[in-house]
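Work through the exercises below with the sequence and the model at hand. Each task is followed by a solution in steps.

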Protein chains: 2
Amino acid sequence: MTATTADTEEKILDLAEALIRTNGYNGFSFRDIASGVGVKSSSVHYYFPTKADLGAKVARRYTDRFLVTLGDPDTPAVSADELVGKLHAEFATALGKDGQMCLCGVLAAESAGLPDAVVEEAKSFFDKTGDWLKRGLKKTAWGSAATEEDLHKQSLSVLAQLEGAMLIARVQGKPAWFNDLKPKISGSIA
Amino acid sequence: MTATTADTEEKILDLAEALIRTNGYNGFSFRDIASGVGVKSSSVHYYFPTKADLGAKVARRYTDRFLVTLGDPDTPAVSADELVGKLHAEFATALGKDGQMCLCGVLAAESAGLPDAVVEEAKSFFDKTGDWLKRGLKKTAWGSAATEEDLHKQSLSVLAQLEGAMLIARVQGKPAWFNDLKPKISGSIA
DNA sequence: TCGCATCTATCTATCGGTAGGTAGATTGCA
DNA sequence: TGCAATCTACCTACCGATAGATAGATGCGA
């Protein structure tokens, strides 16, 4: 069981993700990563030539993993509440365990000053996650009667509420409040 | 009409606020402020000894101004929609004009890595703004029947939705979507 | 022995912050 | 009223630390 390349690269990604979710993209350095992983900062550059590279790859991996965990939105007999509940649960776990924000929520907050490649990945997270919810909602009793436009707006709106609630819950030191939050679809948005 | 002290100090606060709202607390430097205002960085330290000082004062001024603009929530005959609309409008203006986030939303996103004094001010923003909405809601038909606890949760929940929506609207480059968003109170949260 | 992974060593740029000085306005007192 | 003391609002010059990034040597397993 010797340490392989993949181990180091993954450790770097893991730590970078944790640091961004806690402190933001501008709140960590290559030296933080290096000392945390147990290598020199030049070794971090070996895997990720620039900070933008690292940031973009962290975001892409995060999004991919997030969608895999969410699963297929088209499975039959899923209610709107269940769909939203899945999203909520995924966020709640990270927030409760380590006080970690959604990675792409943090990136969005700093977005104007970030490298383009990183912003693109953050954008993509909201596109894809919004689309996941939209596809799921379409199969529900509520969604079958809604326009494409309404489904889109509803989905982003639910995402918005969850992102904002994480922000507030964390700065207020009240993760329990986020846990109790149950966004509902129908009637919540005009 | 000579330049007075207040001019420089206010210019510093103005620019610091704009930079934080765009790039985050870790996304600006004393030199950015200095060159933007037209003084040397040491002169910025003259007014604000440390970056934490500057950040905390920017946040406090932002909160105070925000609440003044919101006005008295206890004025008679204000509906829940009107109250939420006021909040929404205040955020929409800044987002539409310069793509600026809520200052304290940005700070909340970075909060784990910020100086205590800055985090305290950000926290205070959500306390005070949440309280403003709660006090207003209590006077409405909906609020008069609600428990104190429900009023509190509802208020924070509305704030959360607006904060999250700003994040998403900006990173997606769609301020218009935020403008169209109309959070409603009743039934939105379980 | 090839070459991947990691190191040492270092670079340039910038960070927040400090030391010490100064022109000019203001104040207090003889 | 005159003038010395003090204050305001900056400045130049610099500090140690740290940022992201690079070149080239080394170790070590296949």
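**Exercise 1.** Determine with which handedness α7(A) passes α9(A), and which residues meet there.

Step 1. α7(A) passes α9(A) in a right-handed crossing; a crossing is right-handed if the near helix is turned clockwise from the far one by less than a right angle, and left-handed if anticlockwise. The model is predicted: local features need pLDDT of at least 70 and side-chain atom pairs count only at pLDDT 80 or more, while totals for chains, interfaces and linings use all residues. Residues are numbered from 1 along each chain as its sequence is written, and chains are lettered from A and ligands numbered from 1 in the order in which they are written.

Step 2. Helix α7 covers residues 116–138 of chain A and helix α9 covers residues 148–171; helices (H or I, at least four residues) and strands (E, at least two) are DSSP runs, numbered from the N terminus. Their axes come within 8 Å and cross at roughly 120°. Axes are lines fitted to C-alpha atoms, for helices over the stretch in contact, and angles run from 0 to 180 degrees between N-to-C directions.

Step 3. α7(A) and α9(A) are therefore oblique to each other (under 35 degrees counts as roughly parallel, over 145 as roughly antiparallel, 65 to 115 as roughly perpendicular, the rest as oblique).

Step 4. On the α7(A) side, the residues that meet α9(A) are Phe126(A), Thr129(A), Gly130(A), Leu133(A), Lys134(A), Leu137(A) and Lys138(A). Their partners in α9(A) are Leu151(A), His152(A), Gln154(A), Ser155(A), Leu156(A), Val158(A) and Leu159(A). Contact requires C-beta atoms, placed from the backbone, within 7 Å.

Step 5. By class, this contact of α7(A) with α9(A) has 7 nonpolar, 5 polar and 2 charged residues. Ala, Val, Leu, Ile, Met, Phe, Trp, Tyr, Cys and Pro count as nonpolar, Asp, Glu, Lys and Arg as charged, and the others, Gly among them, as polar.

**Exercise 2.** Describe how α5(B) and α7(B) pack.

Step 1. Helix α5 of chain B (residues 80–98) packs with α7(B) at an angle of about 160°, the axes being 9 Å apart. The two helices are therefore roughly antiparallel to each other, and the crossing of α5(B) and α7(B) is right-handed.

Step 2. Ala80(B), Leu83(B) and Leu87(B) of α5(B) make the contact with Leu133(B), Gly136(B) and Leu137(B) of α7(B). These residues divide into 5 nonpolar, 1 polar and no charged.

**Exercise 3.** Is Ala160(A) buried or exposed, and which residues does Ala160(A) touch?

Step 1. Ala160(A) lies in helix α9 of chain A. With 29 C-beta neighbours inside 10 Å, Ala160(A) counts as buried (20 or more other C-beta atoms within 10 Å of its own is buried, 12 or fewer exposed, in between partly exposed).

Step 2. Leaving aside residues up to four places away in sequence, Ala160(A) touches Gln161(B), Gly164(B), Ala165(B) and Ile168(B).

**Exercise 4.** Characterise the side of chain B that touches chain A.

Step 1. In total, 42 residues of chain B are in contact with 42 residues of chain A.

Step 2. The elements of chain B giving two or more residues to this side are α1 (5–23), α6 (103–110), α7 (116–138) and α9 (148–171). The largest share, 13 residues, comes from α9(B).

Step 3. The residues of this side divide into 21 nonpolar, 15 polar and 6 charged.

Conventions. Two residues are in contact if their C-beta atoms, placed from the backbone, lie within 7 Å.
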